[in-house]
Amino acid sequence: ATLSARLERARASRDARLEQARKASEQALLQPCTFAPRPSKPPPPRPPAAPAVAGLDRFLDRRSLATRQALELAAREAKVFNAEAVRSSSLPFTVPVPFELSSNAG
């Protein structure tokens, strides 16, 4: 047998011994445990699955389509009517200044 095969067998036997020791240790820890649950009654039966509602898939598809169309419409309106420019407060506004039609200065 090759060296790698012997090493693999040795590792496998070592792992088996460790696993057996772990199981024995766990069994020794659980030996004093005497608790054994006894349910008083069986669990209640599960309710049946909700019945399929005819047309629900179509309704949900149409609602998602309407939502998407509303978002697209809002985006188009914002682009066409330049809603950002109207709401922007960073643009300078014209400040009215009183004027005189004639000058009596001289």
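These are my notebook entries on a predicted model of a protein.

**Entry 1. Overall fold**

I began with the secondary structure. I found three helices and zero strands in the protein. Reading along the sequence, I wrote the pattern down as α-α-α.

**Entry 2. Helix α2**

I checked the length of helix α2, which covers residues 56-80.

**Entry 3. Burial and surface**

I looked up how much of the chain is buried. Of the 106 residues, 1% count as buried.

**Entry 4. A nonpolar patch**

Which residues make the nonpolar surface patch of about 360 Å²? I listed V53, L56, F59 and L60. I placed V53 in the loop between α1 (3-30) and α2. The relative accessibility of V53 is 56%, and because the cut-off for exposed is over 50%, I put V53 down as exposed.

**Entry 5**

I turned to the charged side chains. Side chains of opposite charge can pair when their charged atoms come close. I counted five salt bridges in the structure.

I started with D15. The side chain of D15 meets that of R11 in a salt bridge, at 3.0 Å from N to O. Where do D15 and R11 sit relative to each other in helix α1? They are four residues apart, so about one helical turn separates them. D15 also has a salt bridge to R14, with 3.8 Å from N to O.

D15 has 33% relative accessibility and counts as partly exposed. R11, at 38%, is partly exposed, and R14, at 42%, is partly exposed as well. I also noted that a network of salt bridges links E8, R11, R14 and D15.

I went back to helix α2 for another pair. R68 forms a salt bridge with E72, and the closest N and O atoms are 3.9 Å apart. The cut-off is within 4 Å, so I kept this pair. R68 and E72 are four residues apart in helix α2, which means that about one helical turn lies between them.

Are R68 and E72 buried, exposed or partly exposed? I noted R68 as partly exposed, at 47% relative accessibility. E72, at 39%, is partly exposed too.

Notes. Residues numbered from 1 in each chain as written. Predicted model: local features only at pLDDT ≥ 70, side-chain atom pairs only at ≥ 80, totals over all residues. Heavy atoms only, no water. Helix = DSSP H or I, 4+ residues; strand = E, 2+ residues; numbered from the N terminus. Expected span 1.5 Å × (residues − 1). Buried < 20%, exposed > 50% of the residue type's maximum accessible area, 1.4 Å probe, protein only. Patch = residues over 30% accessible without salt bridge, like charges linked within 9 Å, V, L, I, M, F, W, Y side chains within 5 Å. Areas by Shrake-Rupley, 256 points an atom, 1.4 Å probe, with all protein chains shown as cover.
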